[in-house]
Amino acid sequence: MSEITPSLLMLQLVTGIALGTVYALLAIGLSLIFGMLNVVNFAHGAFFMVGAFLGVYFLGLTGNFWLALVIAPLVTGGIGLFAERFLVRPLYGRGIDYPLLLTFGLSYVLIDVVRATFGIEGLPSSTPAALRGAVNLGFGHFPLYRLFLIAATAVVVLALWLFLEKTRYGLIIRAGSRDAEIVRVLGVDITRVWWLVFGLGTAIAGLSGVLAAPTRAVNPEMGIPVLAESFVVTVVGGMGSLPGAVVAGILVGVVFSMTALLAPAYAEMSIFVLMALVLLVRPQGFFGKAGALG
Amino acid sequence: MSHQDFANTSSASRRHLLQLGAAGAAVGTAPFLFNIASAQTGNIKIGFPVPLTGAFSAEAQDQVRAAELAVKEFNDAGGFNGRKAELLVRDDKLNPGEAATRTLELIEKDKVEFIVGSLSAATQLSINAVTRERKVIFNSISQSDAINEAKDWSPYTFHEALNPHMTAGAVARYAFPKYGKRVVYLTADYAYGHEMVRGFERAGKALGTTTLADIRHPIGAADYSSFLPRIQALKPDVLVMCNFGRDQLNSIKQATDFGLKEKTRIITPVLLLTARQAGGAEAFDGVVGGSSYYWGIEDTVPAAKSFNDKFRKAYGGAVPSDYGALGYAGIRSVLQGVLNAKSTDSQKVSEAMGQLKYNWYKGDQYFRKCDHQSVQSIIILESKSKGMKDKNDVFSVVGSEAPSETNLRSCAELGHKA
C-alpha cells in the first residue's frame, strides 16, 4: 500500500493504545478476581454493560459526567458484592468450573434484566461536552475523548498499584492471593477480603463500561464480544497478573489497530492469532504463574 | 364494504380491537360448520419469521406490530368469505438455518398458506428456498438484490422491500453530485454490504466518481476507530457506511469523534429510524441516507398520514419505522391478493398480486411482472440535530425518486425473460 506514511502509522499506534486501555481496564478487573478468588468471572462483560447503562442513566439524571463516572462504578460494584455474597460464596472450594458456570448464567440474567429495564434498543450515549472534538497531535487529528481514556486508565492503574503495594489492606490482599490459609490463621477474615475484591473487580468493569459508553453503542449485548476480548488479554498477559493485564491490553489494542490498517479483514482474527502464538511459546502468558488454572 | 375500505375503518383502541378480534373469531367459527366440505376453511394463516432476537430486534419487533395492524384491519373489514387472517410470528434469530427450519415448520406443521417476513439478505434467501420448493407465496420485507435474480426467483416470490441496487442508486444520484466524487466505503463484510457497494459504484460510474478504498469490517464489530486514521489520511469527499443497525450506529459515532465530518460527508444506503433514535442527534448530525419510508412524509402523502394515524392509535402514539411499515405493506399485499383472487390458492393469489396497483402507505406501487419487485418511491433523508419537535422528529426529507422501472436492473440482466 503506497499511502502509508509515518504520520498515519503514528496515528494508528495512538488509536491502538486508546483501544488497548479499555481492554487493559477490563482485564485488570478480571485478573484481580481470578488472582485472588480463583474465580473465572464470565459475567465480567455483563458488568461492563451494566456500568455503561448506569453511566448513561446517571448522566441523564444528574447532567454531570464526572458524577456518573463515580456513581455508576459504585452501583456496579454493589451488584458485584451482592452476587459474591449470595451466589459465588456458596461455591468456594468446589472447583473452578462451578463459579464459571454460575457467572456464565448470571451474565444472561443481567442482560435480560437490562433489556427489561431499559429496552432492547439500548440508550443513546454522547461524549461529554468538555471532551468533544478532535485535537491535532502533529501527525493527525485524534479524538480528545480517546486521549482522556488513555489518561483515565493511567490514573486508575496508578491508584490501584498504590493501593495494593502501599496500603495495609493491599498487603492483606497480596498475601491472601499467595496463601489464603496462612492469612486466615493470622486472624484475617479472608472471606470478607474476597467479598471486597469481587466488588472491586466488578466496579472496575463498571468503570470501563462508563468510560467506553461514549465511544460505542450502549445496548444489552455490548458486553458479549468484550468478554471474549478481555479473556484474550488476560491469557496473553498471564491469568491473575495485573502488570500482565496492562501490557497485554495495550499490545492487543495495537496489534488489532495495525492489522486493521494493513489487512482490515483480518483485524478481528489477529488478536486470537496473537493469543495462540503466546500460548504456544509461553503457555502461562507474559507474567503468569505456570499451572494457575490447576 | 369494498376491499379498499378496510384500511380506513379501524378507529378502535388496541384493546378494543383485541376484543373485536376475539368476538370475530367466535363468529367466524359459525360458517366453518357449513363449509366443512370445502378445503378452504378456518383462518387464513400467515407465517411471519423475523429476527426477534439479535442485532436487528428493534426493527423486527416493529415489523410485527405493523403486520398485526394489517391483520386486524383485514379482519375488522370482514375477512375473506368470513375467514379471518391470523399471524404466526416466529423468531428466526437472524440465522439462515433457523429461518429455513421455522419456515418449514410453519408450512408443514402449522399449515400456513403464506409467508411474509425476514430481515436480512441471507435469511430471506433461505426462506425463499423453502417456499419456492413448496409453492407457497413468500413476500419478503427486507433488502436483497439476489432475490430478484432468476436463479433464486419463483412465481411465488415477491419482494415488497427496496433492494440495494435501487436504494444505493438513489442515494448515489443524490449525494455524489452534491458532495463530491472521491469516495471511501466502510463496508460490513456480508451480502448486504457487498450489494450496497456494488449499487453505489454502478450509479457512481455514470457520475464519474473514484473509489479511493473499500474497507471491509466484520459484521457486529464494536470498534471502528482503527479503520478511521486511514480514511482520515485519504481525505475523501464522501464516506459511505455500507452497514446496518448497530454497526451503522457504532461506525458513524466513532467517525464523528475522529472529526471526519469536518471535511467529509457521511452517507449511508439506509438511514434507520430506530438506529438514529438509539444513536442520538449528535452522532448522526448531517448524515444522509435512503429509506423506503419515513413517517414525516405524512405532510404531503395522504396514505402515509392515514397509516401513521392508525399505527399511533393502536400503539399509544408511537410512529411506525421504515422496516415496520414494510411489515404492514407485506401483509396487505398478500391479503389483497387473496381478496382479488377470491381464493387462497398460491397460483391464483400470485397472479392477483402481479396485477395489483396499490397505495398502502406511501404512494403508488406495483409488482414488476418479471421478478415481482415492488416498484416504489425512494426517499432521501438527512438527519437533524436542531429544531426537533419530539423524539420521532429526527430526519428532514431532502429528496425522493418516483417509482420507476428505470431504477431497477433490467429483467434481461437478472436472467428473466422480459
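**Two chains, their folds and their contacts**

Reader: In chain B, what share of contacts between residues at least 6 apart in sequence joins residues at least 24 apart?
Author: In chain B, 70% of those contacts join residues at least 24 apart. A contact means two C-beta atoms, placed from the backbone, within 7 Å.

Reader: What kind of model is this, and how is it numbered?
Author: It is a predicted model, where local features need pLDDT of at least 70, side-chain atom pairs count only at pLDDT 80 or more, and totals for chains, interfaces and linings use all residues. Residues are numbered from 1 along each chain as its sequence is written, while chains are lettered from A and ligands numbered from 1 in the order in which they are written.

Reader: OK. How many helices and strands in chain B?
Author: Chain B has 14 helices and 15 strands. These are DSSP runs, numbered from the N terminus: H or I of at least four residues for helices, E of at least two for strands.

Reader: How much of chain B is buried?
Author: Of its 418 residues, 55% count as buried, with 20 or more other C-beta atoms within 10 Å of their own.

Reader: And what are the dimensions of chain B?
Author: The C-alpha atoms of chain B fill a box of roughly 75 × 50 × 35 Å along the principal axes.

Reader: Which domains does chain B have?
Author: The assignment gives domain 1 (3–162 + 296–375) and domain 2 (165–291 + 378–414). The bounds come from an automatic or database assignment. The C-alpha centres of the two domains of chain B lie 29 Å apart.

Reader: How many residues make that contact?
Author: Domain 1 of chain B gives 25 and domain 2 of chain B gives 23. On the domain 1 side, α2 (57–76) and α4 (121–133) of chain B are the elements giving two or more residues. That side has 11 nonpolar, seven polar and seven charged residues. Ala, Val, Leu, Ile, Met, Phe, Trp, Tyr, Cys and Pro are nonpolar; Asp, Glu, Lys and Arg are charged; the others, Gly among them, are polar.

Reader: Switch to the chain contact. How many residues of each chain take part?
Author: 31 residues of chain B are in contact with 36 residues of chain A.

Reader: Which elements of chain B touch chain A?
Author: Those giving two or more residues are α2, β7 (210–217), α7 (228–234), α8 (245–257) and α9 (273–279) of chain B. α8(B) gives the largest share, six residues.

Reader: Now chain A. How do its elements run?
Author: From the N terminus they run α-α-α-α-β-β-α-α-α-α-α-α-α, with 11 helices and two strands. The radius of gyration of chain A is 19 Å, close to the 19 Å of the globule rule for 294 residues, so chain A is as compact as a globular protein of that length.

Reader: How much of chain A is buried?
Author: 50% of its 294 residues count as buried.

Reader: Which residues of α5(A) and α6(A) meet?
Author: A:Phe163, A:Leu164, A:Glu165 and A:Lys166 in α5(A) meet A:Gly170, A:Ile173 and A:Arg174 in α6(A). They divide into three nonpolar, one polar and three charged.

Notes. The radius of gyration is taken over C-alpha atoms; the globule rule is 2.2 Å times the number of residues to the power 0.38. A residue is buried if 20 or more other C-beta atoms lie within 10 Å of its own, exposed if 12 or fewer, and partly exposed in between; C-beta atoms are placed from the backbone.
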